[in-house]
Structure formats: C-alpha cells, structure tokens
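My entries follow in the order in which I went through them.

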Amino acid sequence: MINICCVATTPSKYPPPPPLTLTPRQSLESAAIYGVIESAADIIERWNTETNTFAKVTSMFYENKQEAMVFIERVKDLQKTMDVLVSEDPNSERLLRAHKLMQIAMKRLQKEFYQILSMNRAYLDPESVSTRSSLTSARSSYSDFPEDIEDLDTIIELEEVSSNVMTDLRSIAECMIGSGYAKECLSIYKSIRKSIIDEGIYRLEVEKTSTGKVKKMSWEVMELKIRSWLKAVKVSMETLFKGEKILCDHVFESSDAIRESCFSDISRDGALLLFGFPEIIATKTCKKNSPPEKVFRLLDMYTAIAGNWQAIESIFSFDSISVVRSLALKSLISLSESIRSLLVEFESGIQKDSSKVVVPGGGVHPLTISVMDHLSLLADYSNVLVDILAGSPPPDRSLLPESYFNVSESDDSPSSELTIRFAWLILVLLCKIDRKSIHYKDFSVQYLFLTNNLQHVVSRAGSSNLKNLLGEDWITRHFAKMRQFAGSYKRLAWGPVVATLPENRTVEMTPEEVKERFEKFSESFENAYAKHSVCVVADPNLRDEIRVSIARKLVPIYREFYNTRGSVILAGAGGARNLSSVVRFTPEDIENYLSDLFTEKGSSGNSSASSPSSCRSGQSMS
C-alpha cells in the first residue's frame, strides 16, 4: 500500500486528513480525497489575498511561522493528490477544485517569497551570507569568536536570523518548484537578486568601458580606475559572487539545473563587466613608449585574477557561465602579453639610454637609481612573473660572464630562468654605467663613479626580494667587485701623494732633499684634495671605509716623515719660520682634511678620456 498523504507534525488546530491508500488496481477512496482537499482549502483560503484583507497586508511567515510551515505541507499534500487525480480522472470536479486552490496557494507563496527577499536584504546581502558561511565552517576553533560576549551574542543572533530566512526561502522554493511553478519562483528571485549584484558592481565603481574610451584616458585616470578595480575584484570574489552562490545553492538545493540557471542569469553581466576590464587596459598599455611603471599596475591585475583563479573556477563552475571563466583567462593572457612587452621595452630603454648627464663628484647615476628601484619592485612579483615569462625565451646564457651567478647550466626550471632574466637586466645596466664613466676625465673618478653605482646596485639587491632571486653568491661577488673599484680609485687618486714620501725612511737626506720632499708632498696633497674634495660617496658606511683606508695608508707614513725629518728643517737657517713655510701640513691637518672628503657635491669635469675597453662592472666575478 502507498501512503499518499501524511503530515508528520500538525498542530491540533488542523487535524490531519485521513491517510489515503491505494493499490495498483484500486481507485482513491472518495472520503480520503475529500479530506485532503478540504484540509488544504481551509488554510489556503484563510490566506487568500483576494478575499482576506488581513492576508493581503500581512506576511504569513512573519505573523505565524508555524502556520506557514503547515501551509507548505498542505500544499505539498494537495499536489500529491492532484497527481493521483490526473491519472485517475483528468476531468473530475475534485481536480478542478484542487487546481483552483493550488493557484491561490501559489499566488500566496509568490507574495511570501517576494516579501522575504525584499524585507530581509540586510540578512541576505552577499557579504552577510558569505561571512555566515565562513563563521559556521570555523566553529570548531574557539579563537574565531570574539571575546566580548555581547559581540558573540550579536553574531549568533544575526546568524540565526539569516539562517532562518534562507530556510524559509528554500521551503517556499521547493514547494513552488514541486508544484510546477518554478518559472514564477525563479522570476521573482532573479529580479531581486540580480539587482543586488548589479548594484554591488556599480558601488564598487566597475563600469562598462570601451577600448575607444580607454585610449583617450590619461595614465593618471587609468591608474585610478585600476586601483578601484583591484578593490572591486577582491570584494566581488570574497563576498559578492561568493555570497550569492552560497545563497542560490541553498535556496534551490533541490534542483541542480535550476541552481545553475538562476546563478548564471544573476551573475553573468556583473562578472563579465568585472573581468572584461583588464583586457581593455592591457591593450592600451602595450603601446610603445609606455611609462615603465605601468607594468606594476598590470602585474597587480594579473595577480588579482591569478590569486582568485581557484575561486573563479569554483564560483563560476557551471557550463552555462563558462564565458566568465573564458573571459578571465583571456584577460590573464592579454595581461601577460602586455607585461612581457613592457619588460622588453624596459631592457631596450636601458640599452638606448643616451643621457649626457654627468653626476657631480662621481655619484650614483639617475639611471642606476631608477633601474634598481624598478627591478626591486619587479622582484616582489616573482611568483607571477615565473608564470608570465614561462615559454618566453630567456637571455642567452653564453652572453653572461662566467660564474656571473650560481645557477647550473642544466637548470632550466622557471625559477632559474627568472633569475637569469634579472641578472641579465642588471648586467645591461652595469655595462651602460661603465660606458657612462668615460665622461669623467680623471681615471680615478671613473672608478669612484663605478664604485658608487655598483654599491647602490648591491645595496638595493641585498635589501629587496632580488636577494632571494639572485642569491647570496651573486651579492658576495658583486660586493667584492665594488671593493676592487674602490681600491682602484684609492690607488689612482691617492697613490701619487703617498709616492712623494721616501720608501726607505732610514736613508740619510740633506736639508734640501727633505725640503723638496715636503714641498712635493704638500703640492701633491693639495692637488689631490682640490680634485677629490668635490667627489661624493653616497653610502655612509662606504664613505667612512674609504676615508679610513686612505688615512691609514697616508697619515702614518707622513707622520713618521714629519717627526723624523721636520727637525732637519727646524735646525737649518730660519728655524721655525722656515719650517712653517716649507711644511704646510701637520699630520693632524692631513687627518682633518681627509675626514671631510666625499660629503660635498661638485663637478669633476666633463671632457672624455680613454677607458678600458671591457665592461668593468659586468666582467667575471670569479
């Protein structure tokens, strides 16, 4: 026997209809049919909006939740009875009456469905739904809940209201769909929920933008729009679309097809608007002579999409909305192409730099500063650059000096290729700086210029994510090379001054020879100081190191000569007066002068001079 109508829990106010049973060879009992229909009619007519003024202005679910659930059960029983009546006698009066009751019931449920969706937007907005879902899944961790008991109570209360509202919506949806009114149910749901998604996208300042409109935008305006988009994609994926998907899946849990159709129609337009923006921007920024800094905004957009890719595939998993996944992927590809184009242009810009700027005092060149700033920021995107540059031919390793950095020849992994690219760009910079050094007429200043610039390169690399890419070995080798440049500077700049003092300090010297030595030293020191007092060393540690090194080489030798040979001048004709005219510097004077070096900026001449033909900054570090 099949039990056709049975309400599990029914208030005493509404006695359950007598159970109806049948066998394949039997018709329904007349009394049982009558009981089901009349039991349903009793509650349906009471909430008939056409005949009951109270029903017209009141929400059944709000006024009497228990009765609302009985209403749902009676309608389900009525539908089961109608299914049986159709098979027995499609033209029966009882079926006609049941059909009219069902129309009244569906009209009531449509009203309830609309009211619940409209009046509970605060509890059904995507952020609340997604947050509730996250909190519910995290209940196992006590630390996820606030210590303040009032805050905890508030959260629990909001969760309970939201959960109840979603349950009510699902009950109505299941009843309407089971009664053949899926179209009416979906129409109400889509109308209200799509407006919420569209409003959310609008509030996030995502608007339809054409390629022509973007071409007319200044970079400043475009950058503002990109920043707005970055915020929008974060909110959209974490709350807006995620929350709507959760709600849709819950309300239409009984039908996969309806869930798919509903969410696709609600979210498609907003999602296409969101993920179509990066492709348009990428097309605009791949033009030649674009500012190098544009690459970072493109990388931000690429990172935003790539970082949300798992969520994109999960939220927009339905075949009917695969166009969103396709557009997001298309935007990733367009962004990748534009980023690669900008990186090629960046390298070309270094190589083609033709500025004739001569930095006063052999200081750090603006090109070095800008390139290292750029590379340091690029290194922060190394995770996505590995993917973006995959398949793009890396620089030829044979062009890199032997042992330039510690990467095996057989290592073709994406990370090692990224290391090669960064090392190559720095090598291009160093060779360019090497060629710019010839603008200094003095060889020693050329080496000081190379010292300052290589020190800046090593410092920026060591204090940024470049260190992780290039490795400690690269840092160590280039630091050693910078010390070699500094040593060459000291030898060329101050070696001639030291050479004016006798190597053999025990040899006997005549007063005239001593006088000549003092005069040569004074003249040589004055010339060196005049030339190098305008030189600069930007890094304070390097500045102190070079000062101390020069002083240690020069001052002790001069002090010994001053102390042992000064008495010869003092003993001669003229005495102290003659000493002061011949010996212009005391050892303390020398120390004081040296301590003032490399702090003032000046000009050391612009005329060209010959220089080593090889690229000194980029030669082998071994």
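The entries below begin with the ground rules and then go through charges, cysteines and phi angles.

**Ground rules.** I am working from a predicted model, in which local features need pLDDT of at least 70 and side-chain atom pairs count only at pLDDT 80 or more, while totals for chains, interfaces and linings use all residues. Residues are numbered from 1 along each chain as its sequence is written, and side-chain values use heavy atoms, with hydrogens and water left out.

**Salt bridges.** I took a salt bridge to be a side-chain nitrogen of Lys or Arg within 4 Å of a carboxyl oxygen of Asp or Glu, and by this rule I noted 35 salt bridges. For helices I used DSSP runs of H or I with at least four residues, numbered from the N terminus. For exposure I called a residue buried under 20% relative accessible area, exposed over 50% and partly exposed in between, with a 1.4 Å probe and protein chains only.

I looked up Arg97 and found its side chain in a salt bridge with that of Glu38, at 3.2 Å from N to O. This pair links distant parts of the chain, since Arg97 belongs to helix α5 (residues 93–119) and Glu38 to helix α1 (residues 30–46), 59 residues apart. Arg97 counts as partly exposed because its relative accessibility is 35%, and Glu38 is partly exposed as well, with 28%.

Next I looked at Lys194 and Asp198, whose side chains meet in a salt bridge at 2.8 Å from N to O. The two residues are 4 residues apart in helix α9 (residues 182–203), so they are separated by about one helical turn. Lys194 is partly exposed at 22% relative accessibility, and Asp198 is partly exposed at 31%.

Glu238 forms a salt bridge with Lys234, the closest N and O atoms being 3.0 Å apart. Here too I read a spacing of about one helical turn, because Glu238 and Lys234 are 4 residues apart in helix α11 (residues 219–251). Glu238 is partly exposed with a relative accessible area of 41%, and Lys234 is partly exposed with 47%. I also noted that salt bridges with shared partners join Glu223, Arg227, Arg297 and Asp300 into one network.

**Cysteines.** With a disulfide defined as a pair of cysteine sulfur atoms within 2.5 Å, I found 0 disulfides in the structure. Cys262 is in no disulfide, and the nearest cysteine sulfur, that of Cys248, is 3.6 Å away. Cys262 counts as buried because its relative accessibility is 0%, and Cys535 is likewise buried at 0%.

**Backbone angles.** Which residues did I note for a positive phi without being a glycine? I kept in mind that most residues other than glycine have a negative phi. Glu205 has a phi near 65° and lies in the loop between α9 and α10 (211–215), where it counts as exposed because its relative accessibility is 58%. Phe598 has a positive phi of about 70° and sits in the segment after α25 (587–595); at 1% relative accessibility, Phe598 counts as buried.
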